[in-house]
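Got a chain on the screen and wondering what the labels really rest on? Let's go through a few of them.

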Amino acid sequence: MLDPAHGSTLALPPEVELTAELTAPKWDIRAGGVIVVESKDELRKRLGRSTDSSDAIAMCMWQEKTWQTDEQGRVERPKVRRYADAVSWS
């Protein structure tokens, strides 16, 4: 959503703390191409502070997911997107 190469005009404020929060999470690729991102609690411990600024950005960018239900009306889990299956990161 921030990449101007895809026609976006969205921009974030040039705040050092916000940039630090958005770029700080650690991640790893596990067997089968599963991407595991550091938990919010671990990130807070490592940063030594709350992640309020990046949380606000994430909430602004959130889009409602349409959930599928089975025959009994139970919500089915969304399929995990694997790194190896990703075509693009736009």
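What follows is a set of questions about labels and the values behind them.

This is a predicted model, where local features need pLDDT of at least 70, side-chain atom pairs count only at pLDDT 80 or more, and totals for chains, interfaces and linings use all residues. Residues are numbered from 1 along each chain as its sequence is written, and side-chain values use heavy atoms, with hydrogens and water left out.

Q: What makes up the secondary structure of the chain?
A: Three helices and two strands, in the order α-β-β-α-α along the sequence. Helices here are DSSP runs of H or I with at least four residues, strands are runs of E with at least two, and numbering starts at the N terminus.

Q: Why is Glu21 called buried?
A: Buried means under 20% relative accessible area, exposed means over 50%, and partly exposed is in between (1.4 Å probe, protein chains only). Glu21 has a relative accessible area of 2%, so it counts as buried. Across the 90 residues of the chain, 13% get that label.

Q: What makes Glu21 and Arg49 a salt bridge?
A: The term asks for a side-chain nitrogen of Lys or Arg within 4 Å of a carboxyl oxygen of Asp or Glu. In this pair the closest N and O atoms are 2.6 Å apart, so by that cut-off it's a salt bridge. Glu21 sits in helix H1 and Arg49 in the loop between H2 and helix H3 (52-61), so the pair ties together parts 28 residues apart in sequence. Arg49 itself is partly exposed, because its relative accessibility is 27%.

Q: How do you know that Asp28 and Arg30 form a salt bridge?
A: Their N to O distance is 3.3 Å, so the pair meets the definition. Asp28, at 38%, counts as partly exposed, and so does Arg30, at 47%.

Q: What about Asp55 and Lys40?
A: Their closest N and O atoms are 2.8 Å apart, so this pair passes as well. The bridge links distant parts of the chain, with Asp55 in helix H3 and Lys40 in helix H2, 15 residues apart. Lys40 is partly exposed, with 39% relative accessibility. The whole structure has six salt bridges.

Q: Why is Arg44 called partly exposed?
A: Its relative accessibility is 32%, so it falls in the in-between class. Arg44 belongs to helix H2 (residues 40-47). Setting aside neighbours within four places in sequence, Arg44 is in contact (heavy atoms within 4.5 Å) with Arg49, Ser50 and Thr51.
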